[in-house]
Amino acid sequence: MNRDEFRQGLRGGFPIMVAASPFGALFGALAVDNGFTIADAVFMSATVYAGASQMVGIELFGNNVQPWLVVLSVFAVNFRHVLYSASIAKHIRHFTLVQKFFAFFLLIDPQYAESERRAEHGLPVSFSWYLGFGLIIYFPWIINTAIGAVFGQLIGDPKAIGLDVLLPIYFLGLVLGFRKRDRFLPVVAASSVASVAAMHFVGSPWHVSIGALAGVLLAACLPQEREPGEMPAVEKEA
Amino acid sequence: MDVQHLNLIYLIIAAAVATFATRVGGYVLITQLKHIPPRLEAALNAVPAAVLTTLVAPAFVYGGFDVAASMLVAFAVGLRFSTLRMLLVGWVAVMVVRHLIL
């Protein structure tokens, strides 16, 4: 371990940690609101460690969606990480197997973005730096979840204080974050129409799979225009 | 621990494994196959927006006037500002509609 680089990582990750903190607390509060205990919420933050998909998970769990569909949705929302891990491969080839395990576990959006940027500037993507950057975000994420969950338990009726609109608005924000992607509008239009129709004609939770499938199929069928081999764009998770 | 709660624990573990699979998957794929077919890539690229849209559109259509109004306000904010501001403004909007208008 190189202390200097570890400290550099801590400094680099600090602002990200501050920005992510309200979302950790929000997750904790809404998780409790959707039937989680404080310990469940903390356990999920510590093991899944992917904010957007955690929100999707509690939303679907709270609506009694079948477990396999919850897991599939979490997988789908996190799918962008496949692109990150493919892209980051060349920078972390020198990590040991155990180091790679930790590196992939901590591979959230800003971790990917900063690693790429560091490599592009010719700085070493060392394990010390990577771990410092990751841990300064990881541990506060868990602590903030616990704080949010404790507050969430004190809240009686979430609707009376307007908590129920926060998840749809949060997801709306995430969707808007993808608006620079190719074929964004047709995909969103197809998924909107299909999910609303499926909700009406088939019922929850099928609106998720049917709506998503409509958008994905449309994306595959539309004419392809993008140059191959571009780097994946980083979306802000929060 | 009752069965239902144990099922939740299993669910969280499965979600964690699925997430870790996405974080390792690209590395494994890139060392195995050199080229992803463009249509497959386009489909994969569309997955997150497509999934998340299904959690937004039905809430807007079936959530009632108060929810739809606050989502519209949040949408306008989201075109320029961060998600955190969307949440704040959307929350204020729903409280105003619920307690002052309806």
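How are H5(A) and H7(A) oriented to each other? H5(A) and H7(A) are roughly parallel to each other, where roughly parallel denotes an angle under 35 degrees, roughly antiparallel one over 145, roughly perpendicular one of 65 to 115, and oblique the rest.

## Basis of the model

This is a predicted model, in which local features need pLDDT of at least 70 and side-chain atom pairs count only at pLDDT 80 or more, while totals for chains, interfaces and linings use all residues. Residues are numbered from 1 along each chain as its sequence is written, chains are lettered from A and ligands numbered from 1 in the order in which they are written, and side-chain values use heavy atoms, with hydrogens and water left out.

## Confidence

The predictor's confidence in each residue is expressed as pLDDT, from 0 to 100. Chain A has a mean pLDDT of 89, with 94% of its residues at 70 or more. Within chain A, the lowest confidence falls in helix H5 (residues 80-88), with a mean of 82, and the highest in H2(A), at 98.

For chain B the average pLDDT is 90, and 97% of the residues score at least 70. Helices (H or I, at least four residues) and strands (E, at least two) are DSSP runs, numbered from the N terminus.

## Domains

Domain bounds come from an automatic or database domain assignment. Chain A is divided into domain 1 (3-154) and domain 2 (178-221), whose C-alpha centres lie 26 Å apart. Contact, meaning heavy atoms within 4.5 Å, links 7 residues of domain 1 of chain A with 5 residues of domain 2 of chain A.

In chain B the assignment gives domain 1 (1-34) and domain 2 (37-102). The C-alpha centres of these two domains of chain B are 27 Å apart.

## Helices H1 and H2 of chain A

Helix H1 (residues 3-33) and helix H2 (residues 38-47) of chain A have axes that come within 9 Å and cross at roughly 130 degrees. Axes are lines fitted to C-alpha atoms, for helices over the stretch in contact, and angles run from 0 to 180 degrees between N-to-C directions. H1(A) is therefore oblique to H2(A).

From H1(A), the contact involves Phe27(A), Ala31(A) and Val32(A), and from H2(A), Ile38(A), Ala41(A), Met44(A) and Ser45(A). By class, this contact comprises 6 nonpolar, 1 polar and no charged residues; Ala, Val, Leu, Ile, Met, Phe, Trp, Tyr, Cys and Pro count as nonpolar, Asp, Glu, Lys and Arg as charged, and the others, Gly among them, as polar.

## Helix H7 of chain A and its partners

The axes of H5(A) and helix H7 (residues 109-120) of chain A come within 10 Å, crossing at roughly 25 degrees. On the H5(A) side, Arg80(A), His81(A), Tyr84(A), Ser87(A) and Ile88(A) meet Asp109(A), Tyr112(A), Ser115(A) and Glu116(A) of H7(A). The residues of this contact divide into 3 nonpolar, 3 polar and 3 charged.

H7(A) also packs with helix H8 (residues 127-154) of chain A, at an angle of about 150 degrees and with the axes 10 Å apart; the two helices are therefore roughly antiparallel to each other. Here Pro110(A), Gln111(A), Glu114(A), Ser115(A) and Arg118(A) of H7(A) meet Trp129(A), Tyr130(A), Phe133(A) and Gly134(A) of H8(A). This contact has 4 nonpolar, 3 polar and 2 charged residues.
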